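Subject: Structure for you to look at

Hi,

Here is the structure I promised to pass on. My notes on cavities, domains and the chain contact follow below it.

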Amino acid sequence: MPADRLLPDSDAADLLALTREIARDELAPVAAEHEEQARFPREQFRLLGRSGLLGLPYDEKWGGGNVPYEVYLQVLEEIATAWMSMGVGLSVHTMSCYALAEYGTTEQQERWLPDALGGDLLGAYALSESHAGSDAAALSTRAVRDGDDYVVNGTKAWITHGGVADYYTTMVRTSDDGGRGISTLLVDASTPGLTAAAPEKKMGLTGSTTTQMIFDDARVPADRLIGPEGAGLKIALSSLASGRLGIAACATGLAQAALDEAVAYAKTRTQFGKPIISFQGLEFLLADMAAAVDSARATYLDAARRRDRGLPFVRQSSVAKLVCTDAAMKVTTDAVQVLGGAGYTRDFPVERYMREAKVLQIFEGTNQIQRMVIARELAK
Amino acid sequence: MPNIVVLVKQVPDTYSERKLSDGDKTLDRDSADAVLDEINERAVEEALLIKEASEGEVTVLSVGPDRATEAIRKALSMGADKAIHVSDAALHGADVIQTAKVLAAAIGKVDGVDLVIAGNESTDGVAGAVPAILAELLGYPQLTHARKVTVEGSAIKVERETSDGITHLEANLPAVVSVGEKINEPRYPSFKGIMAAKKKPVETLTVADLGLSADEVGLASAWTQVLEASPKPPRQAGQKVADEGDGGVKVAEYLVSQKLI
């Protein structure tokens, strides 16, 4: 049963109806096969692009949809319900446009944003390195100015869309000044000296490609520097505050998918002569799952509405990321329990949902980091 | 620059359970979600492809109750330019001949029509007769069940697939074309298309506006009426064939007995 949503206006309702139609007819039917075969759904991203869903929260003047986060995130949630790799990919793409949209010069925005938001291109976001995960400020990929270029050397890690993206919003070190020595480059995928390593063999989200990106004397034109030199960490952290809301919405969508599957199964599976949904042991389990999904949705929407109104939302964004991804882990695990032995097989999608849920507690800032962010906001 | 009219119909979603109302055996429109008929999406797509190749204008025409505006909006959001919606309580229970008369009168309101494109049959009524009747009433050539349409200047060429092979049809414009499932894959509307559709003109007409009288249309004067309807019988258990070395033969014998091979 689709999530029952309160939407701000009829435009939003129409957008969600379009999203559901595409999710139901084009994404859900092919998700399991792509995940099983680790096949990246590039064509499906093109469809989202043609439908105007790859630039929703950005300005219309660049080809965006100009919709508030409250609406964009619910679109994202619906996509994730149908296919988690697509949801995460849409969230990552949206984040890859953020630096340019918020910190680029007008000239840079006019030059690159329409293509990024128009749907033909797919973006990636490159911050982490193998020794610089939670401690992002320790990154060491170095960009040295040489004439009109930066010469970049180093290896970025855990890059969603690595090797398939058209551009990489990349955080590089331009001076040894710790967190203040980091800058943001918009790196074209065709840059000579930039290559993708072999894809990681992951536990879940197998349809989405994750690789290291290796910069070997890669020459990036200096006009691709977004914001001033040294502003990179600030841009990265600001991107993440919004990106976390994307992951919170994806987590909620995944939990919704698991709940739907568990309820449908519990209604038809009979034991002791009755559908198992009528046994209190499962009633309470399913009720707790529904409560987790609904409260997750309420939590990310509250943070989104604050963002839409221009209020501070860093704490609420981290709370949403923490609450929604923990909810997704719990609900998907319980969904496997509801389906019993069947849930443990690949004949049903819930075991995949459970594998997909785990990474949500890890990426876009681990849930331990979210607690640090929340506590710091409390201490202010 | 062909001026194209596309016929669209709102039908109950084939994903939902469809029924007839108990009283007059007409469609129970409240019992199911209503959508733009899928074959009409293909008709709209074909019109848009022709328009994109040689410009022109696409007008959507629908006969149906007030809520059919949703189906019209869908066609407009795909990219059609404007719409005519004939909505009148007198049309309740109209049959294919009456519907075709109303469509013909409405098409008469559009200046310089070159091409009328329809789906070959709807998923609710499934009469499959409206495009042909309409062509007769308009005095246009009918090129029905098309799987491929080519417009070249004032001529139109159509490939029609039949069980005997492909029939090639050719006519001068104006003409009526009906398209089948294989004609194309309809596009999804874009979010921008949805927003733009809200500003596109939709002209709403009554039967009187078309110069027809209410007693020419509707259930009372319809040539056909549904007298009886019964629900689909529940699915029967299949027939099991035990393979004792002759399984293939038994399966083939069964298929022959059902005239399937």
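The second largest cavity is lined by A:Tyr58, A:Tyr69, A:Tyr72, A:Ser91, A:Thr94, A:Met95, A:Tyr98, A:Ser239, A:Ser242, A:Gly243 and A:Gly246. A cavity here is a set of points on a 1 Å grid over the protein atoms alone where a 1.4 Å probe fits but cannot get out, and lining residues have an atom within 4 Å of a point.

Before going on: this is a predicted model, in which local features need pLDDT of at least 70 and side-chain atom pairs count only at pLDDT 80 or more, while totals for chains, interfaces and linings use all residues. Residues are numbered from 1 along each chain as its sequence is written, chains are lettered from A and ligands numbered from 1 in the order in which they are written, and side-chain values use heavy atoms, with hydrogens and water left out.

Back to that cavity. Its space is about 50 Å³ (the volume filled by probe spheres set on grid points, which are joined across faces, edges and corners). At least two lining residues each come from helix H3 (69-82), helix H4 (84-103) and helix H6 (232-268) of chain A; helices are DSSP runs of H or I with at least four residues, strands are runs of E with at least two, and both are numbered from the N terminus. The lining has 5 nonpolar, 6 polar and no charged residues, where Ala, Val, Leu, Ile, Met, Phe, Trp, Tyr, Cys and Pro count as nonpolar, Asp, Glu, Lys and Arg as charged, and the others, Gly among them, as polar. Domain 1 (10-118) and domain 3 (234-379) of chain A both contribute to the lining, so the cavity lies between them; the bounds come from an automatic or database domain assignment.

The largest cavity has about 70 Å³ of space. Strand S2 (residues 10-12) of chain B gives the largest share of its lining, 3 residues, and the lining splits into 5 nonpolar, 1 polar and 4 charged residues.

Within chain A, 25 residues of domain 1 are in contact with 21 residues of domain 2 (contact means heavy atoms within 4.5 Å). A:Phe40, A:Ser96 and A:Trp112 supply 30% of the area that domain 1 buries against domain 2, more than any other three residues; buried area is the accessible area (1.4 Å probe) that two parts lose on being put together, summed over both.

Between the chains, 12 residues of chain B meet 19 residues of chain A, and about 1,200 Å² is buried.

Best wishes

Note on methods. 1 Å grid on protein atoms, 1.4 Å probe; cavity = no way out; pocket = protein on both sides within 12 Å on 5 of 7 lines; lining within 4 Å.
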